[in-house]
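Please look over the sequence and the structure first, and then follow the points below, which are grouped by topic.

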Amino acid sequence: RGLGDVYKRQQQIIKALLDNAKKSGKITMKELNLAIDELELDSKQQDKMLEMLEQMARLKMNTLVAEFADNLPYREVKFNRSSVLTPQEIETIRAFAAERHIRIVPYLQCLSHVRWLATHPDYLSLVEDQKQAATWDASWCPSNSRLNEIVKQVITENIEMFRPDYFHIGLDELGAGSFRNCAECRTRTAPELFGDHIAMLT
């Protein structure tokens, strides 16, 4: 789906929640969980973010998990993007959310589902299996020291920009990708490799 369709769908869900709440005086947990799931988004437009935060505030929702990925003005890590959110836009979003008592939790897909790295010029050398580089389940190589430097810097700068209470590092569906596929990774057990990588990320 295009970004416009994603936001349109989110707006439809929240509008329906508000309409139902007016009629029944309540919102069910099933409805609220659906809204929360749909609000895990890949954010690229400041005005849409602000609109979504305003709608969330009306529903008394207090947490937004947002996947910014390569759409931020990183200082030390360079992505091939024609445009990204500016520091001023990020501060506007952060302050707008804080005024409405909404916590923003930056979300970065780590180890699995790492196609957000595709705009990095060294992307193909960072993934575990180049044959899966263009697929939804692409994984990066946890034994790649260059990759570890890039990811730690991306996480550090996310935290500096948003000053969040929490940071979401994904790590889901490892079995669907190519985790522990290269020769170097196979010299270690999966639990050892995974555990050490988590320690590096955190």
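The chain has an average pLDDT of 82, and 79% of its residues score at least 70, in what is a predicted model. Where pLDDT is low, the predicted coordinates should not be read in detail.

- Strand β2, made of residues 63-67, is mostly covered, with 4 of its 5 residues buried.

**Aromatic pairs**
- The structure holds 4 aromatic pairs, one of which is the stacked pair of F68 and F162, with 4.5 Å centre to centre and 25° between the planes.
- This pair links distant parts of the chain, as F68 lies in the loop between β2 and α4 while F162 belongs to helix α6 (residues 145-162), 94 residues apart.
- F68 counts as buried because its relative accessibility is 0%, and F162 is also buried, with a relative accessible area of 4%.
- Another pair, Y74 and F79, is tilted, at 5.7 Å centre to centre and 55° between the planes, and both Y74 and F79 are buried.
- Y74 and F79 form one aromatic cluster together with W116 and W140.

**A charge over a ring**
- The charged end of R100 is placed over the ring of F96, 3.4 Å from the centre of that ring.

Conventions. Residues are numbered from 1 along each chain as its sequence is written. This is a predicted model: local features need pLDDT of at least 70, side-chain atom pairs count only at pLDDT 80 or more; totals for chains, interfaces and linings use all residues. Side-chain values use heavy atoms; hydrogens and water are left out. pLDDT is the predictor's confidence in each residue, from 0 to 100. Buried means under 20% relative accessible area, exposed over 50%, partly exposed in between (1.4 Å probe, protein chains only). Helices (H or I, at least four residues) and strands (E, at least two) are DSSP runs, numbered from the N terminus. Rings of Phe, Tyr and Trp (its six-membered ring) pair if their centres lie within 6.5 Å; planes under 30 degrees apart count as stacked, over 60 as edge-to-face and the rest as tilted. A charge sits over a ring if NZ of Lys or CZ of Arg is within 6 Å of the ring centre and within 35 degrees of the ring normal.
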